[in-house]
Amino acid sequence: MKTYAEMTAELDKLAAHNERLVGGLRSARAQIVELKSDLERVGDPPNTYATFLRRAEGTTLDVLHNGRKLRVATAASLDLEALDPGTELRLNEALAAVEAVPAGDSGNVVPVVEALADSRLLVAVAPDDTRVLRRAGGLTQETLHPGDHVLVDLKAQLVMERIDRAEITDLVLEQVPDVSFDEIGGLGDQIEAIRDAVELPFLQQDLYRTYGLRPPQGVLLYGPPGCGKTMIAKAVAHELVLRSAEVRGVSVAEALENSAFLNVKGPELLNKYVGETERSIRLVFERAREKAAADHPVVIFFDEMEALFRTRGTGMSSDVETTIVPQLLAEIDGVEGLDNVIVIGASNREDMIDPAILRPGRLDVKIRVRRPHARAAREILGLYLDPSVPVREDRERLLDLAVREIYAEGPESAFVRLDYSDGVQETLHFRDFVSGATLRNITDRAKKLAVKEQLSSGAVGLTSQHLVSAITAEFIENEDMPSAAHPEDWARISGTRGAAGRRVEAVIPLQGRSRAEEEAAR
C-alpha cells in the first residue's frame with residue numbers, strides 16, 4: 001500500500017503532465033486559428049485598380065479599369081471630395097471603390113504642342129500622332145508651355161505631371177539678368193548704337209509706324225573675346241524691362257516676371273542626334289513667341305554664334321549646319337510680325353557665320369565691340385576700383401598709373417610679332433590685347449595682394465605697388481598664349497586684322513622668346 005508521500009508525488013507528476021497537455025492543446029489551437037486565417041486570405045478574391053476620371057450621380061464614380069470606362073459604387077470610408085482626376089483607386093471583388101492609393105510614377109513622356117483654352121493639352125505622342133488629353137488634378141493650375149515635357153497615362157487619356165528636362169533647362173536661362181549699362185565701361189558708342197537699334201523701336205512703336213520704319217529683327221555683336229558683348233546683351237534685356245515698366249505703368253517686379261531673356265548657349269545646343277538641335281532651336285522661339293504675344297519684351301541671345309551657324313558649303317561647316325542654319329532662318333523670319341522679340345548674336349568670328357543670317361531683315365544691325373583704348377580702359381578700371389575699395393594713395397593717380405603701365409610701348413611690353421604674307425612684320429604690345437576681362441583680372445589680383453598684406457602687416461588699402469605687381473602677373477600669365485594657335489585664326493579671334501589682302505603667316509611670342517634667349521645667354 002502506497003504511502004501518503006508517494007501518492008502526493010504521483011499526483012504532482014500527473015498535474016505537471018496535464019499542464020503540458022493543456023499547453024500543447026493551446027499551441028495547436030493557435031496554429032489552427034492562424035492556418036484558418038491564412039486560408040481565408042488565400043481564398044479572398046483579388047482586388048484590382050482603376051483610375052478616377054470624374055464624379056457621377058450620387059456617390060458613384062466614373063473610372064478607367066483595364067482600358068474600359070466603368071461607373072462604380074464607393075465605400076462609405078472613401079473621401080469623394082479629395083479625389084482628383086488621375087487618382088488611383090483600389091476596387092474590391094464587387095468592383096466598388098474602397099481606397100485611394102498613391103498614383104503611379106511611370107508612363108510615357110511626351111512634349112506639349114499647345115495648351116488649349118479649356119485647360120486641355122495637345123501633346124505629340126509620336127511624330128505622326130498628336131492627341132488631346134485632359135490634365136490630372138495636380139496640373140489644373142500649372143502653366144504649361146509648348147515644348148514642355150509631361151508624363152501621360154495614355155490609357156486614361158490624362159496628363160499626370162510636368163517633367164523638367166535638363167536638355168532644355170540647361171540651354172535656356174529665362175530670368176532677366178540684373179545688369180545695367182552703368183556697369184559697362186568704355187563702350188559708350190556701342191551702347192548708344194544698340195539702344196537705338198533695340199530700345200527706341202520698342203518704346204516708340206507708334207512713332208516708328210508713322211515714319212514707316214521697320215524695327216530690326218536682330219543685332220550682331222562681334223569682336224575679340226572678353227570685351228563686353230555678353231554684358232551688353234544682358235544689359236539690353238534689363239533696360240528693356242525697366243523701360244517697359246515705365247511705358248505700361250506697371251511695377252518693375254511685374255515686368256521682370258513677365259519678360260524673358262533666352263540665353264542660348266551655342267556649343268551646348270549642338271546635339272549628335274539628327275533633328276535634336278533643330279528641335280531645340282524651335283522650342284526656344286516657341287517660348288519667345290508665347291511671351292511676346294502677351295506684349296512682353298523678349299531677348300533671344302545666341303552666344304558663340306559661329307559654333308552653331310557656320311557658312312554652309314565652304315568646308316568650314318559640317319553636315320549639321322545644312323539643317324540648323326535653315327531652321328534658324330525660318331524661326332527669325334517667323335517672328336517678323338512680333339514687335340517685342342529681338343535676336344542678339346555674339347561672335348568672335350563673324351566671318352564664319354552664314355551670310356544668310358546676316359542679311360538685312362535678320363541680324364541686320366552689326367555692332368563691332370573693339371578692345372578698349374586708354375581712355376576707355378581708365379573708365380573700366382574706375383568701375384572696379386570705385387570709392388568702396390580702400391586705397392592708401394590718391395585714387396585718380398592709381399588709375400593713371402595703371403593705364404600708363406598697361407598701355408606702355410617698349411621692349412618690355414612687346415607681346416608678339418606678326419609675319420605677313422607680303423613679308424611685312426608688325427610688333428604688337430600688350431596694350432593691343434587688353435580687354436575688359438583683362439582689366440577686371442588685374443584689379444582682382446591687386447585687391448587680393450592688398451588683402452594678403454593687410455592680413456600679414458595690418459596695413460589697410462590698395463597701393464600702386466599692388467597694381468604694378470598685378471599688371472606684371474597678368475602679362476606673364478598670357479605671354480605664351482599665341483604659340484600653339486593657327487596664325488590666321490589667332491589673328492582674327494584676337495581682333496588683329498591687318499591690311500586688306502594680307503594674310504598672317506606666323507605669330508611669334510616675343511616675351512617667351514626673350515626669356516629663353518636670356519636663359520641661354522647665362
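A: Let's start with Arg195 and Glu239, whose side chains meet in a salt bridge at 3.8 Å, N to O; the term stands for a side-chain nitrogen of Lys or Arg within 4 Å of a carboxyl oxygen of Asp or Glu. This pair links distant parts of the chain, 44 residues apart: Arg195 sits in helix H3 (residues 188-203) and Glu239 in helix H5 (residues 229-248). Helices here are DSSP runs (H or I) of at least four residues, numbered from the N terminus. Arg195 is partly exposed at 29% relative accessibility, while Glu239 is buried at 8%. Buried means under 20% relative accessible area, exposed over 50%, and partly exposed in between (1.4 Å probe, protein chains only).

A word on the basis: this is a predicted model, where local features need pLDDT of at least 70 and side-chain atom pairs count only at pLDDT 80 or more, while totals for chains, interfaces and linings use all residues. Residues are numbered from 1 along each chain as its sequence is written, and side-chain values use heavy atoms, leaving out hydrogens and water.

Next come Arg445 and Glu474, which form a salt bridge at 2.8 Å, N to O. Arg445 is partly exposed, at 23%, and Glu474 is buried, at 3%.

Arg54 and Asp62 also meet in a salt bridge, at 3.8 Å, N to O. Arg54 is partly exposed at 35%, whereas Asp62 is buried at 12%.

Conventions:
Helix = DSSP H or I, 4+ residues; strand = E, 2+ residues; numbered from the N terminus.
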